[in-house]
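Dear colleague,

Please find below the structure that I am handing over to you. A summary of the findings follows it, arranged by topic.

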Amino acid sequence: MSEHVYKKLELVGSSKDSIQDAVRNAVAAAGKTVDNVEWFEVKETRGHVENGQVAHFQVVVNVGFRVD
């Protein structure tokens with residue numbers, strides 16, 4: 001197995017629908033401008049409430065990418 005070096009970006013993803021979609025949105029955004037994205041970790045989960053109902057889900061994620 002080769003040895004790799006990774007760098008982490010911290011991003012906040014959001015979605016009206018779900019925590020999973022918030023993660024997907026953050027990872028997809030990172031993939032548009034960063035090469036070699038290989039993993040993510042969820043650090044925080046939170047949301048926004050309007051009129052007593054969940055309006056948005058938010059996740060803070062670290063997205064890891066391999067340094068060439």
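**Salt bridges**

R66 and E38 are joined through their side chains in a salt bridge, at 2.0 Å from N to O; the term denotes a side-chain nitrogen of Lys or Arg within 4 Å of a carboxyl oxygen of Asp or Glu. This pair connects distant parts of the chain, since R66 belongs to strand β3 and E38 to strand β2, 28 residues apart. Helices (H or I, at least four residues) and strands (E, at least two) are DSSP runs, numbered from the N terminus. R66 is partly exposed, at a relative accessible area of 22%, and E38 is likewise partly exposed, at 39%. In these terms, buried means under 20% relative accessible area, exposed means over 50%, and partly exposed lies in between (1.4 Å probe, protein chains only).

The model is predicted: local features need pLDDT of at least 70, side-chain atom pairs count only at pLDDT 80 or more, and totals for chains, interfaces and linings use all residues. Residues are numbered from 1 along each chain as its sequence is written, and side-chain values use heavy atoms, with hydrogens and water left out.

The search of the whole structure finds five salt bridges. One of them joins E10 to K43, whose closest N and O atoms are 2.7 Å apart. E10 lies in strand β1 and K43 in strand β2, so this pair ties together parts that are 33 residues apart in sequence. E10 is exposed, with a relative accessible area of 52%, whereas K43 is partly exposed, with 45%.

A further salt bridge brings together the side chains of D21 and R24, at 3.4 Å from N to O. Both residues are in helix α1 (residues 19-33), and being three residues apart they are separated by about one helical turn. D21 is partly exposed, with a relative accessible area of 27%, while R24 counts as exposed at 54% relative accessibility. As a general point, side chains of opposite charge can pair when their charged atoms come close.

**The sheet**

Three strands form an open sheet in the order β1-β3-β2, with antiparallel pairing. Its edge strands are β1 and β2, each of which pairs on one side only. From one strand to the next, the twist averages 15°; axes are lines fitted to C-alpha atoms, for helices over the stretch in contact, and angles run from 0 to 180 degrees between N-to-C directions. Two strands are taken to pair if DSSP finds at least two bridges between them. In general, strands of a sheet pair through backbone hydrogen bonds, either parallel or antiparallel.

Eleven bridges join β1 to the antiparallel strand β3 (residues 53-67). L11 has V61 as its bridge partner in β3. Between β2 and β3 there are twelve bridges, again in the antiparallel sense, and the partner of F40 in β3 is V63. The hairpin of β2 and β3 has two residues between the strands, and N51 takes a positive phi near 55° there.

**Aromatic pair**

One aromatic pair is counted. Y6 is partly exposed, with a relative accessible area of 35%, and W39 is partly exposed, with 29%.

**Nonpolar core**

Which residues make up the largest nonpolar core? They are A22, V23, A26, A30, V59, V61 and V63, seven in all. Such a core is a set of buried Ala, Val, Leu, Ile, Met, Phe, Trp, Tyr and Cys residues joined through side-chain atoms within 4.5 Å. The elements that give two or more residues to this core are α1 and β3, and α1 gives the most, with four residues.

S18 is placed in the loop between β1 and α1. S18 is buried, with a relative accessible area of 16%.

Yours sincerely

Methods:
Rings of Phe, Tyr and Trp (its six-membered ring) pair if their centres lie within 6.5 Å; planes under 30 degrees apart count as stacked, over 60 as edge-to-face and the rest as tilted.
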